[in-house]
Structure formats: C-alpha cells, structure tokens
Amino acid sequence: MTATDAATALDRLCVDTIRTLSMDGVQKANSGHPGTPMALAPVAYVLYARVMRHSPRHPAWPDRDRFVLSCGHASMLLYSTLYLAGYDVSLENDLEQFRQLGSMAAGHPEYGDLPGIEVTTGPLGQGISHAVGMALAERMLAARFNRPGHEIVDHRTFVIASDGDLEEGISGEASSLAGHLGLGRLISFYDQNHISIEGDTKIAFTEDVGKRYQAYGWHVQDLEEDIGLDNVQRALETAIAVQDKPSLIIVRTHIAQGSPNKHDTAGAHGSPLGEEEVRLTKENMGWPSLEPFFVPEEALQHFRRCVERGEALEAQWRERLDAYSEAHPELAPELERIIAGRLPDGWDREVPRFHATGSMTATRKSSETVLQWAAANVPELVGGSADLAPSTLTLIADAGSVEAGSYEGRNLHFGIREHAMGAIVNGLTLHYLRAYGSTFFTFSDYMRGSIRLAALMHLPSILVFTHDSIGLGEDGPTHQPIEQLAGLRAMPVLRVVRPAGANETALAWQYAINSTDHPTALVLSRQGIPTWDPAAVPADAVDRGAYVLRDSFREPDPPDLILLASGTEVHICARAADALEAEGVATRLVSMPCMENFAAQDPEYRDRVIPPQVRARVSLEAAATFGWHQWVGALGEAIGMEGFGASAPAGALYKHFGLTPERVADAGRTVVERARSRAIPPGQSVT
Ligand SMILES: Cc1ncc(C[n+]2csc(CCOP(=O)(O)OP(=O)(O)O)c2C)c(N)n1
Ligand SMILES: [Mg+2]
C-alpha cells in the first residue's frame, strides 16, 4: 500500500454497511449495543477484507487466522461482518433475529452458533485471555509439526478488546504471560473510546495502558484517531512483522461514530439508538435507503471477494499440505488426527491398575503416575500449573517446558495466574490440544469465570485440583476448600470427579481425556488413602458416577444401611462399615466419584445402587453438605463441614470436625433406628 489513504468509495460503503446492519439489528431487537460496532466497523473491515487469512465458506479451515471479539457486547459487529464477508449467516434468520429465542445471533457471540465465532465472549477480559491460549497453541503445534520449508502451521490470532477487557484482571494476567512467552502472532486492537457504562472512563481507568503493555513485553502502536483503512492496514502489517512480541494497536475511537446525537455518549453503549436517531445517522452518512437491513448490492459483492480470496488461500495451503505429507509421511497423519480431535486408537487400552497394599497414597500422587501413562499415549495432552506443580504433581516427565521462542515442550508454567490459566487452557483446547491446568482446589474460585465459559462452550478442558479438603491440614482455612465441590457441581455441563483412591484416579483421567463435550474437574487429595482392590472398582465407575464399592453381608438382599461418600472419605466410611457390620448392621458402601454422572443415570441403575426401600443412609464428605440431601433422603443424614476449617494437622482436624468412622457409625445406628421406627423428622415428608 502507498502512504496515501487509498480507501475506495466501495470500501467506505462496505464499512458503512457494517454500521447500518449493526444499528438495525440492535434497533429491531430493541436491545443490544450499537455504538461500538459503528465505531469499530473500519477495523473489522480491514481485518476481514484485507488482512486476515480466512475462508468464509470453510470456517473450519485449520490454518485460518483466528478472530476474537473480546468485547462480546459488540456482537453485531461480528455478525454483520461475517454476513458481509460471505460466511453462512443469513440476513433474515440471523441478523434480523438478533437476540431472539432460537436465533444463532445471540446477545453475545456463542461458540458453535454462527460459523466464524471462534470463542464465546461477553464476560469482559475473557476473549483476549482465551486468545492467548489459541496463539500459544498455534506456536506449540508449529514447533511440533513445522519443518524447514514446510510451515504447515502458520496463522495468527487477532483480537479486538475494549476498555473493560483491559480493566479486568484476567487480561492483565494473560497479557503478562503472552508478553513473557513472546507470542508474536497475537495481535490485539485496544478500542480506547473513553466510554464505559457509567460514563467517561476517567472516573476509574486512567493509567497509560500502552506503557503497561510495553512493560508486559508487547509491541505497542497508538494510532490515536486515525483509523483510516490504510492506516489500520499499515499498523497491522507492522504488527505482523514483529515476530517475537505480541502486538497491541491502540485506536482512539468514538462510540456511535456518525450518529449526530449519540456520538461519544455512554447512552450509545447499551441501548438502541432509537428509530429517529437511526434515520438521522443514515441521512448523515448519505445512506441510500431508509429500509432497515438494506445492503447495497455493490458493497455485498465487494465484501464477498473474501470468499474467493479465502478459497485461494486455502487451496494453496492444501497444496502445501500435500507437499508436507509427501516429505513427512510420519508427521502429516498425526497432525491431521490432532486437528480432527481424534484420540490415538486404543490409547486407553491399558488403564493403569493399582494393587491393594497396606500403604497410603494420595490421589494427587496416583494422578501423577496416571498422567505419565496418559501423556505417553496422548501426544496432544499438554498442561501445567499456576506455580504449584511440585504440589499438584502435574509435570509430564521428560517433556520439557514451553519457553519464550521455544514451544516444543509440553509443560506450561502459568505463573501465579489462576484465572488466566483457566482461559488459556480453554484457548488451547479450542485450538486442537488437550490441555489441563492445575492448582489447589480452593483457588478454583479464582478460575470460576473461565470454567464457566468452558462449560458454556462444551469444551473438554481439564482442571486438576489438589489439596481438596481440610485434609490438607496445616495451611488452614484459607487453603481448605469447603463449598467448592457443591459450587462446581452446581455448574451445568461441568463434571466434577473426586476419586477415592488410585484406581478411581486412573479412571478419572481416562474419563476426562475421553470427554468431548464437557470440561472435567479432577479433585484430588493431598493426604494418603488406602488403595482398594482394583476388582472392586468397575471400569465404568466414573461414567456411572457411583457404584457399590462393597456390599453388605446380606448381599444380594438389600442392606440395613447405605454409606455414601466421595474421595478420601470413602475410606472413613469403610471403617465405619466394618464396625457396623461387626455389630450386625448390614452396611453397603457406595463410592460416588461423580455426583452429576450418577444423577444422569437411568433410574434403574440408580435404584440398584441406592435402593429406594433402604431409607437409612448416611453421606460423608469433608465439605459443605449442600447437594447430598437428595441422596440420603428425608430419613438420612449428611455429614460434612458446617463452617470453615482450621490450621492443624489433618488427623486432628478430621477428629475436631467429627469426620470420623465413629461419628459415621453413630449416625448410621441413628438412621437405621429412625428408618425402623419409620419416625419422620419434624417438618419433613417421606421421600
Ligand atoms: C466481567 C464483566 N463485567 C461486567 C460486564 C457488563 N458490561 C458489559 S459492557 C460493559 C462496559 C463496557 O465498556 P467498554 O469495555 O469500554 O466497552 P464499550 O462500551 O466502550 O464498547 C460492562 C460493564 C461484562 N460484560 N463482563
Ligand atoms: Mg469503552
């Protein structure tokens, strides 16, 4: 390009079409955010029509550039642009149905709805943080698969982030790591429009963001007010040329650009312009029609050249793939397998089995062993910890670490940045890898926003949480999770797996890796527990969610009492069961590694494990009892933590808080007696 702004009248018409479609979409929905799409239309246009390598008719082309609209509230910007660029998006069914029930054009972009939506965004800060994971995955795959003369993995990740995105802490964590890792193929715009919901950002956000990003190790350009198409393009070309640093391109835009009365007002952020203002704005821009959703034919044709350009780019890449396959016949099928999301055939043919011994093993320790097995069989498994790998035991042995400029390792060091770790794990997972992130279970709270997005997107991200209860001991109540199990179990789609011993831990990893449409949280202990006889642990223990680990002496007849627990407390219940059975109370022990999976079983299976007629039931978990009452029923008892823990050795804590075999046995006797006399606790009905 020359230095002069060569934007043609057609280019301008295309930009204005993004603007008018966005205004009209929000106006028709009578809800949404018109101002930012109007202001950012030139940026989106340059990205899609001039710079990004993408193929609208093949939105899944693996080597496409990714685009992440981090400010998801500006969703109409993305929908209008995707439509105009030639993605399979319809004016009638999508844009005109913005924000309506069943529409693929939701209030915020939802991954899996319209083609071209690479990630769900809306919670500010998440998009750019997910983009860090995507850009990192690109480098990791490139390091593994590219060979001299064969740059088969060769794309970039583009982002538009707003004030709110960069105010949020998560983006600071993720951007800091991106700078550290030198992710040169990550390029983000910062839409500095000085406006957020409460008005001018000067009320709360006054630091020099450019300097902050420079300090993170980013290459920063400030275009100020000049978002002429050629200037934006030049800035992108400069950013692309910087290979060892991520880039931030700051643009000082004006919300509701072109609207006579809403320009630069917070009011244009979150509500429609109004019929009258839409009319005035269209007149102001010399728009040829007042018909809503009017698309000038010449603009559509011009914009849709993206289709041809994309097809040519993709065809070139396919040729390069053929050459690559010929030159590296051992690598190409492996890359294709990973891109297809297919695990290696028979990878889990031999799940590790652990024999019962007299010694105690923490499930985090068993997990470390199982992880080595999984990593040996699943090359795309990568992951790391938020500075706790020596405690969470999540290093892949002999696999090396990812470092700036050197991305072939499989171990990631997220630093003490849990929330960004959650987003980056999701980004890696979106980008063909199977990724895990680990920390102490109590800090899962820091990651909840990202875990929730994984669940919303049905991504099979893997979270490894250790130090799962007061059993972690001396670190005390700040580190002892109480409500986290219940809190995560309440999250739709997510599966929380808390294995009781080594064999369930092996099945838990197998389950997490085989999952395709939901994230899995593995919840592991710091302290040791015995290893059950592997024969007692069925292969579908985690899939089914709960199973009879040990039946009563009265088997096959129903027992007097059922004890239910997960994780380390299964062991305590086993000792209670020993005592009760010695007294003649027929006691069944049920291990429930995944409450959600058990809840999803057919009633027949559930009734087999917990027969409805056996009303005497006691559950035990070193956590809040929330969620257990549905399993113990009206006559049963749920034992757990009523408040926060304390700082002391684990054994002393279990005793202090009454999580002991004796207490369980006492409760067992009480509920058996209660069930026998059919006494109903006051205020409750029999279930
Ligand atoms: C984590 C999070 N907190 C709050 C919101 C609600 N919210 C949506 S948009 C917005 C203000 C956005 O301002 P800015 O990021 O500057 O975007 P602009 O209005 O300039 O497009 C807020 C607070 C959100 N979407 N995500
Ligand atoms: Mg703003």
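**Terms first.** I take helices (H or I, at least four residues) and strands (E, at least two) as DSSP runs, numbered from the N terminus. My model is a predicted one: local features need pLDDT of at least 70 and side-chain atom pairs count only at pLDDT 80 or more, while totals for chains, interfaces and linings use all residues. I number residues from 1 along each chain as its sequence is written, with chains lettered from A and ligands numbered from 1 in the order in which they are written.

**Ligand 1.** I began with the shell, where a residue is near a molecule if its C-beta atom, placed from the backbone, lies within 6 Å of it. I found 18 residues around ligand 1, and T36, S162, D163, G164 and S196 come nearest. Both α5 (163-167) and β4 (195-196) give two or more residues to this shell. The most come from α5, with three residues. I also sorted the shell by type: seven nonpolar, eight polar and three charged. For this I count Ala, Val, Leu, Ile, Met, Phe, Trp, Tyr, Cys and Pro as nonpolar, Asp, Glu, Lys and Arg as charged, and the others, Gly among them, as polar.

**Whole chain.** I counted 26 helices and 20 strands. The radius of gyration (over C-alpha atoms) is 28 Å, close to the 26 Å from the globule rule (2.2 Å times the number of residues to the power 0.38) for 687 residues, so the chain is as compact as a globular protein of that length. Along its principal axes, the C-alpha trace spans about 90 × 60 × 45 Å.

**Domains.** Where does the chain divide? I noted domain 1 (9-310), domain 2 (361-529) and domain 3 (544-677), with bounds from an automatic or database domain assignment. The centres of domain 1 and domain 2, taken over C-alpha atoms, are separated by 32 Å. Their contact (C-beta atoms, placed from the backbone, within 7 Å) takes 30 residues from domain 1 and 26 residues from domain 2. On the side of domain 1 that touches domain 2, α4 (126-145) and α6 (169-181) each supply at least two residues.

I checked its length last.

Notes:
Contact = placed C-beta atoms within 7 Å.
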